[in-house]
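Here are a few notes for you as you open this one up. Keep the viewer handy and click along.

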Amino acid sequence: MSSNTKDNILNAAEYLFAERGFNGTSVRDITDRAGANVAAVNYHFGSKHDLFVELMRRQVEPVNRLRLSYLQERRSARGDAPLSLVEIFDAFFGPMGETLVENDQPKLTAIRLAFRAYHETPELLKTFKTEYFREVCDVFGAELAKTVPHLSYDDLIVRFNFALSTMVGTLLHIPEMPCFCGGNTDAASFKAIIKQMTYFVAAGFAYDQDGVSGG
């Protein structure tokens, strides 16, 4: 079976999972939209579960590669000095402005899929997070610890989860961009929102009730 069949199945699954959710989409729905047969899903992926994981991997791996690359660039420029929180979160959030844009527009289907995955398939995501997010979280966590050494490990984890929740919530509302971007829904407006989110998260991460703050 050709790689075109595999890509067609992935593209069909992305659209249907985003529109109907994982549980609301059958393998037959996917193959009908892809113009393939059910056996093709088993051949290329093994199961609907494995198809979903492959689809998420296809979306997340390019973002994570850019995250690590951007962070390394900033490290190299800084030498031994700790990065600022803005630099760290710009490296973490910024790649979404590249990978979630196509033809000068946000990729709303991919964004909806990410949101549905986060909320509707927690058990599936546990395995996925362990395999595809551990390195990124470890690397960024270590960098954050250097920048805000006054925070305990527990506080660092809690605040990083706040940052992730802010990211997910922001992506959820991207389809409503015209409401708070002067009617614009183009790539530049999307990237501007990500930049604002970066400054917002960095400021919150740095806050300390005793008056100590990080970069």
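The points below go through ring pairs, charges over rings and salt bridges.

1. Before anything else: this is a predicted model, where local features need pLDDT of at least 70, side-chain atom pairs count only at pLDDT 80 or more, and totals for chains, interfaces and linings use all residues. Numbering runs from 1 along each chain as its sequence is written, and side-chain values use heavy atoms, with hydrogens and water left out.

2. Start with the aromatics. Rings of Phe, Tyr and Trp (its six-membered ring) pair if their centres lie within 6.5 Å; planes under 30 degrees apart are called stacked, over 60 edge-to-face, and the rest tilted. That rule gives eight aromatic pairs. In one of them, Phe 17 and Phe 22 have ring centres 5.5 Å apart and planes at 35°, so this pair is tilted. Phe 17 and Phe 22 are both buried (under 20% relative accessible area; exposed is over 50%, partly exposed in between, with a 1.4 Å probe and protein chains only).

3. Phe 17 also pairs edge-to-face with Phe 52, at 5.7 Å centre to centre and 70° between the planes. Here the pair links distant parts of the chain: Phe 17 sits in helix H1 (residues 3–20) and Phe 52 in helix H4 (residues 48–78), 35 residues apart. Helices (H or I, at least four residues) are DSSP runs, numbered from the N terminus. Phe 52 is buried, as is Phe 17.

4. Further along, have a look at Phe 89, Phe 92, Phe 93, Phe 140, Phe 160 and Phe 205, which ring pairs link into a cluster. Arg 67 lies over the face of Phe 92, 4.0 Å from the ring centre. Likewise, Arg 33 lies over the face of Tyr 15, at 3.8 Å. For such a contact, NZ of Lys or CZ of Arg must be within 6 Å of the ring centre and within 35 degrees of the ring normal.

5. Now the salt bridges (a side-chain nitrogen of Lys or Arg within 4 Å of a carboxyl oxygen of Asp or Glu): the structure holds seven. Asp 90 and Lys 195 form one, with their closest N and O atoms 3.1 Å apart. This pair links distant parts of the chain, from helix H5 (residues 85–93) to helix H12 (residues 187–206), 105 residues apart. Asp 90 is buried at 17% relative accessible area, whereas Lys 195 is partly exposed at 36%.

6. Finally, Glu 54, Arg 57 and Glu 61 are linked in a network of salt bridges. Within it, Arg 57 and Glu 54 meet at 2.6 Å, N to O. They are three residues apart in helix H4, so about one helical turn separates them.

Methods:
Helix = DSSP H or I, 4+ residues; strand = E, 2+ residues; numbered from the N terminus.
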